[in-house]
Amino acid sequence: MSQQVPTETSPQPALAAAAKSSAEESLTPLDAQPITHVQRDGVDYTMIGTAHVSRASADAVRELAGSGEFDAIAVELCQARYDALTAERKWTDLDLFRVLRDGKAGLVMANLALSAYQRRIADQFGIEPGAEMRAAAVAAKEHDLPLQLVDRDLATTLRRSYASVPWYKRMYLMAGLALGMVSSDEIDEESIEKLKEGDILESTFTEFAEQSPQLYEALISERDRYMAARLREENAGAAGRKVLVVIGAGHMKGMATHLQDDQAEPARERAELETLPPRARWPRAIPWAIMLLILTGFYIGFSRSPELGWQLVFIWVAINGGLSALGALIARGHPLTVLSAFVAAPVTSLNPTIAAGMVTGLIESWLRKPRVSDLENLRFDITTLRGWFRNPATRILLVFFLSNLGSAIGTWVAGFRIFGALS
């Protein structure tokens, strides 16, 4: 019988593995986070670069905020995002009638899309993006420290980003956002890495930002400047103060540079970066030009013969109203809403001051006013296409959007048919 002789192994790999395991166990949450110190105007800023989908980042923020070393805490949040994060303003407060009346339906849909993307990440990884920001806010309250909200208002950032993109690329931007919010695919590794360096805004628009320097400027570079200016503004005349600054790791380098080197007056810098770029005038003239062309077509038709004139009116009403009603029907609007789309679209298309979607959205919100439970379920329903059509709140927004889209397409199709009949 042969006897197996045990081979002698070197203890080096085992010792190295044990040492590595011991070192990893001894690491604290702070050891994994980038931290930098900047001093400006006598104020000491400790900037911690966090990952927005990391429990370690949240733990590190709690540890620093509770250390007793700081006199104030600043976070990469605006008031709107702070309210959403701390549940001080819930979706149950959403007044859709007022949203439609004030012309903010598009902005609300963009906010819902970002929230849907955030919910998908939370479901996939078991942690809400922004947990470290919430931890900072809670710590500031617990330790009675001033909380400084230094990020630019989300609506302003979205509007400046949208305005920075050439008009012919905006449809791609909106389509990408719409597809991203209802996709059933898991968030890919590249998107998660972007989230670890930036935030929801940047990861959502990463593909577009990489192709558009203007979009990158509005989403990232401008916010670096803005947050640095806000820090200087919030802590002016407070020499000796120590401020903990909680920001996404991707902003840390840019913010530190601007905080240290910028010489512009912070209030002026902030005001400049909050200003919405002026709208080009020529797009506003298009609806008026269309109105004049269509009315001219009617005039020519009736001047030739009443039969031709009424034929042109029929074409206009059937196509414009029909496609708008089809949009409301696809959005699963109430039958009276669908009928209102058919009636309103041919009229509103000749009145540039009001859109068909305004009428249909308001009627749908009046006929099917969302219940509190519908608004409470928004955060779950917005993550799927079926949920958008099922929830009365999002269905109102879809009625607004799709009936508007149908009317816009109908305007062009009917216009060409009218001038085809005249020629």
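Arg332 sits in the loop between helix 16 (306–330) and helix 17 (335–348). Helices here are DSSP runs of H or I with at least four residues, strands are runs of E with at least two, and both are numbered from the N terminus. Phi of Arg332 is near 65°, a positive value in a residue other than glycine. Most residues other than glycine have a negative phi. Arg332 counts as partly exposed because its relative accessible area is 47%. The cut-offs are under 20% for buried, over 50% for exposed, and partly exposed in between, with a 1.4 Å probe and protein chains only.

Some background on the model. This is a predicted model, in which local features need pLDDT of at least 70 and side-chain atom pairs count only at pLDDT 80 or more, while totals for chains, interfaces and linings use all residues. Residues are numbered from 1 along each chain as its sequence is written, and side-chain values use heavy atoms, with hydrogens and water left out.

Asp144 also has a positive phi, about 55°, although it is not a glycine. Asp144 lies in the loop between helix 6 (131–142) and strand 4 (147–149). With 69% relative accessibility, Asp144 counts as exposed.

Now the strands. Strand 1 (residues 35–40) and strand 2 run antiparallel and are joined by six bridges; two strands pair if DSSP finds at least two bridges between them. His37 stands opposite Thr46 of strand 2. The two strands form a hairpin with two residues between them, and Asp41 in the turn has a positive phi of about 55°. Strand 2 is also joined to strand 5 (residues 242–248), by seven bridges, and those two run parallel. Gly49 has Ile247 in strand 5 as its bridge partner. Is strand 2 mostly covered or mostly open? Strand 2 (residues 43–50) is mostly covered, with seven of its eight residues buried.

Next, salt bridges, meaning a side-chain nitrogen of Lys or Arg within 4 Å of a carboxyl oxygen of Asp or Glu. The structure holds 15 of these salt bridges. One of them pairs Asp151 with Arg223, where the closest N and O atoms are 2.8 Å apart. Asp151 is in the loop between strand 4 and helix 7 (154–164) and Arg223 is in helix 12 (residues 213–234), so the pair ties together parts 72 residues apart in sequence. Asp151 and Arg223 are both buried.

Glu222 and Arg160 also form a salt bridge, at 2.8 Å from N to O. Glu222 belongs to helix 12 and Arg160 to helix 7, so this pair ties together parts 62 residues apart in sequence. Glu222 and Arg160 are buried too.

Glu274 and Arg270 meet in a salt bridge of 3.2 Å, N to O. Both lie in helix 14 (residues 266–274), four residues apart, about one turn of the helix. Salt bridges that share partners join Arg230, Glu233, Glu234, Arg270 and Glu274 into one network.

Last, a surface patch. Trp282, Ile286, Trp412 and Phe416 form a nonpolar patch with about 510 Å² of accessible area together. Helix 15 (282–304) and helix 22 (392–422) are the elements that give two or more residues to this patch. Patches are made of residues with over 30% relative accessible area and no salt bridge; like charges are joined within 9 Å, and nonpolar side chains (Val, Leu, Ile, Met, Phe, Trp, Tyr) within 5 Å. Accessible areas come from the Shrake-Rupley method with a 1.4 Å probe, and for residues only the protein chains shown count as cover. Ile286 lies in helix 15 and is partly exposed, with a relative accessible area of 35%.
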